[in-house]
Each structure stands twice: as structure tokens, then as C-alpha cells.
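Here's a quick tour of the model below, strand pairing and helix packing included. Have a look at it first, then read on.

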Amino acid sequence: MYTRSITRTHRTAFLVAIDGSGSMAEEIRFRGRSTTKAEAVAAVANELLFELIERARRDDGVRDYYDIALVGYGGDDEVRSLLPGGEELLSVARLAERQPVLRTETVEHRLPDGRIALREITTPCWIGPRAAGQTPMCEALRRCRDLAAAWCARRENAQSFPPVVFNITDGEATDCDDGELRAVAAQIRALGTADGNVLLVNIHLAADEQGRTAFFPAADERPDGNRHARLLYDCASEMPAVFDEAIRAEKGPGALPPFRGMSYNASAAQLLTMLNIGSISIKTE
Amino acid sequence: MAAPLSVFVRALQMPRESFATLFELRAATDPFGLPRTVRTTRLAEATIDWRGAQWLVALPLSASALSRIERTAPALARLNAPWLAEYRILRDELLWEDDMGRPRRHDLLLHRLPSGTDFAEALLRERPGRLHAALDALEAEFVRAGFVHNNLKAQNLRWTGAQFLPLRYHDATLGTSRDRDAEAFRALHRLVDEATAATTEVHDIAAAYDASPLTGHLWVSRTFEGLVCVEDQTGYGYVDTQNRPVIATQFRWAGDFREGRAEVETDEGMGLIDREGRYVIEPRYEIVDYDAARSLVRVRRRGKWATFDYLGRRLTPFE
């Protein structure tokens, strides 16, 4: 299970739900800097998209290794596709045809003598920061559920690596109670292909005075202080055992599985480094 | 676990802070100023200038990607063949900080890119007989050394003007007398034949266009950060890699871009510009000397020096 290589003949899907609600205007510490949740969400989403597109790029162009959905939620209980033309699902090659906005970012770094120097770097942006209105997370996850169900039902996807749903949020759903959110999360996790069930990964960005972060938490790292974080932990998939070694390499040898598909004030783009994207075309003995 | 690609691309834009050994590198960029990277299933690769030569620096894309190279690299070093370019693993070379604030290090692969052109350009420039002979010579060298490339194709060959040299031998094996690359060499010979047939009538036009896309200038520098400094009748300025004007040729003199800044000189004096051509430091000084490594600019006015920062703010008085 979860061992199928992601290739053009056995594609997978990545469904990214992005919270753009009013609470995203709040300030948080993220990567050592003060920023808004909306800026942090956009940074995480753009890095995820960059990683997905660039990992599919070869010398002959971007190959169709997977389909991508971007589901934005916010506004007046609004759930809508953020893909060009409002399409629900695009192949990664078609998404790559869309030229992203290039943003010049000035970053600080500390020199050996302690002074701060500045550098300008260019980063591509497909998603801009957004902070307005309600948080219809439940409806957004229902949309992801329906997209994943339709994708898994297609005959050509039956043997593929299962879809991965990333939900990037500050965790405060306004269109459901905890039970309803748990229910839709369970419905997503119950979907799957012959290679395994759909993985639901929650990326939780929240104000945290202690500056805590978490990456694929183990059972003893279940959040205790933040109700929303606890709920998102419970809703997330338990990571399949095949990823345990890679996650332990990241967290340290003391970390004990099972791990949850969740990050707290951190990106989960490193999950993509654990996936086997593309086929080995070289001739080996 | 491997580093995300975004970390690698960011590092290539901030080499001083991101590489242990290659901190002086300059990465080739696309027209938008982003480092140009090429991927295979296991590696992401960038072309860099470093210490006066061109190199490929590659990031393993998964934890297992290095294991084969770890076996290959020392064996190739022992082979000591003149047709193999320098190829080594740089341990703990990529320095970055993860989202938990932990300092991280990752191994990279460094591969010398011999002077020359790629296979496609060789097809345009050289007589087919010469290329066939060079392929035969390389195949003979492989067999003599017991070397099997295992991924030999046009993209993995470099034409020096006299011979083909192999590149990207990450999966090479040694110690066999059989010509396991024979099929690949036959495919390359076919490419030479097909190109000869297809380009006979337009060979001269295609060669001239491909060999020098940045034509129409008095002088052309190299590509730095997606921009090429050029000199026209109206002065120095910048074009992108497709020869489209980006910053008008208006300067008496201009330097290459480094870390998003370039020194320029007008009739009024020297200044510093950003990638949009806006003045960060107005051109009214005798000397503007930008230190990209420290993000500082030394500026001389009437014989006295002051220090400015990256954003053009004066940090010290002129003295």
C-alpha cells in the first residue's frame, strides 16, 4: 500500500483547500517573522504549488503526473475553485502553462559579524493573501471529498497512488460543529484506490505565544492547548507506515509512529519529498 | 529526507548564506530572474559559474537518490579517465533553516561542465562525419575502460569542438567488457543522420540563428540573473535572454547584475540600479562600488567615502 510510483500512466491528485477567511488578517509569528495568517497561508500554498509543478518538470516540459485542485474558502460562506477559468481540476502541465506572478521578496540574514544584510529574491506566486468573511471549511472539505470521490471512481485511476488533500487553515470553521467536521474528514479518509486511502493533511497556522511548531506529530504530541489544533489533529489521516522512516529521519530518532498528517505553523511540502514521483527510465542491471 | 525544491531555488539566489563551499557561485537564470533548474526523477540540477568554470550542481530529490551516486563517485575517481569530468559529492553543502527553526544541511552533487556546446548545437555546426567519428571514439573509450553509462542520450553529451564527453553518469557501472551502451550509441548515430537529412537546406540559417541569439549589439556580456548587459550605439543597457530590451541602452557604462543590483555610469556620475532599472542610488557620484557579498555599497563623492546599504540608505557620513 502507498507504494505505487506516480507516473503519467498512474497519476495521482493533490487537492489543496485554502482558508481565506477574515480571521486570516491576524498577525502571527511564522518562520521567525511577524506576518499575517493570510500571508503565511499564501506562502505555504505557493511553495506547495511550486514543489508540485517543479517536481513534474523534465527536459521535455512538465509531465502530467497528477491533477491539482485549488479550493478557496472564505467570504460569504463561499467555496470556489482558485484555478484559472474556475476549473475544478487541472493537470499539473496545464497549471504550469499559467505564468505565476513573480514577487520580489526582501529577506534578512545575519552576517557572521552580527549585522543584518538584505537580499532580494524572486518567488513565484499563484495564490495571493486573502482575508475576508466566514470560514466554510466543512463545505470546502465536502467539495474536496466529492472531487476525490470522482477522481478515484475513474477506471484509469483505480491502481494509482491515492489523492492527497492539503487543508491550509487557522482552524476555526464557522459552518459546522466539531462532529460535522470530523464526519466529513472521515468520509475523505474512507475514499481511496487499490494503493491506499486518501490522505488528509491539515496545515494549521495559528498565533502561538510560545512559538511552537509541529510536523507530523506523534500521539504524544497531540496538541493540548488549542482546541482547533486538537480538532484538526483528530481529523487528519494517520500516516501510513511506509512513511514512518522518512518522518523519523525528519523528526529525530526519538519520534515514535504512528504520525498524523498535520503540521502546525509549518509547511508540509516536505511530504512531497517522500513520494516517488516519476519513473526511472535509466537502464540498470 | 531531502530538502524541498523551493529551498534549493532560494539558496541559488542567496549563495553566500546557503552554501558551505560554493558560496561564490552564480546560477544561470531564466528570463524572469529565477534560477534555471532541470529535473530528473532523482535530481534537480542547476548550471552555475564557480571559480571561473561552469558546473552542474544537483540536489537529490529523495533520501535514496544519493545512494547509487555514493557508490558511483569513488569508483569513477579511481578510473581517472581524461574524458570524465570532475564529479563529487559535497557533504553538508546546502545550508538552510526548516520551519521549526532548526539549521539543516544537505549533500549536493557537483559535476564539472566541460567547455563546449550541447549535442543539438553540435549537430548544427559540425560535419556529420566528424560527429560519427567522435561517437565511435567515445564508444571505444567506454569499452576500453569497462565503463557503462547506463543513461547515454543526447542531453548527456557535451561537444568540445573535437570530441564528445559524457555527462551525468550517476548510474554508471564499471568492470564489464561488454558494450552495454551500444544501443544508445546507435541511437545517437541515428540522430546525427536524421539531423543531416532534415537541415541540409537551412543549415546555414539555423546555425547562424542558434549560435548567436543576442545579435545586433556592439558588445554582449553573459547572462546574470536573467539579464544580459549589452552595448548599443546609444550606450549600455540590458536585454533578457530572448534579446528583448528590459532596461534601455542609456548608460555610459554598466556592470552585470549581482543579487538584484548593478552599478551604472551616466554623464552625471555613477549610481546603482535595481532589476527594473530604477535608481537605488542616484547617478551623481564619482565611484559606486557594490559589495554583493555584504549587501553594502562604498560611494565616493569629492574624494570622500561613505557606506550605503542595499536599499540605498546612507549608513555613514562622507569622510
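How many residues lie between β21(B) and β22(B) in their hairpin, and which turn residue has a positive phi? There are two residues between these strands, and B:Arg302 in the turn has a positive phi of about 45 degrees.

## Ground rules

This is a predicted model, so to speak of local features takes a pLDDT of at least 70, side-chain atom pairs count only at pLDDT 80 or more, and totals for chains, interfaces and linings use all residues. Residues are numbered from 1 along each chain as its sequence is written, while chains are lettered from A and ligands numbered from 1 in the order in which they are written.

## Domains of chain B

Chain B splits into domain 1 (5–112), domain 2 (117–197) and domain 3 (219–309), with bounds that come from an automatic or database domain assignment. Taken over C-alpha atoms, the centres of domain 2 and domain 3 of chain B are 43 Å apart.

Strands here are DSSP runs (E, at least two residues), as helices are (H or I, at least four), numbered from the N terminus; two strands pair if DSSP finds at least two bridges between them. β20(B) (287–291) and β21(B) (296–301) pair in the antiparallel sense over five bridges, with B:Asp291 opposite B:Leu296. Four residues sit between these strands in a hairpin, and B:Ser295 in the turn has a positive phi of about 60 degrees.

β21(B) also pairs with β22(B) (304–309), antiparallel again, over six bridges. There, B:Arg301 has B:Lys304 as its bridge partner.

## An open sheet in chain B

Four strands make an open sheet in the order β16-β17-β18-β19 (chain B), with antiparallel pairing. β16 (253–254) and β19 (279–285) of chain B are at the edges with a single partner strand each, so one side of each has no neighbour in the sheet.

β17(B) (262–265) and β18(B) (270–273) pair over four bridges, and B:Glu263 has B:Leu272 as its bridge partner.

## Helix packing in chain A

α4(A) (178–190) and α5(A) (227–235) pack at about 25 degrees, with axes 9 Å apart. Those axes are lines fitted to C-alpha atoms over the stretch in contact, and angles run from 0 to 180 degrees between N-to-C directions. That makes α4(A) roughly parallel to α5(A) (angles under 35 degrees count as such).

The contact (C-beta atoms, placed from the backbone, within 7 Å) involves A:Asp178, A:Leu181, A:Arg182 and A:Ala185 of α4(A), plus A:Leu231, A:Asp234 and A:Cys235 of α5(A).

How values were computed:
Parallel < 35°, antiparallel > 145°, perpendicular 65-115°, else oblique. Contact = placed C-beta atoms within 7 Å.
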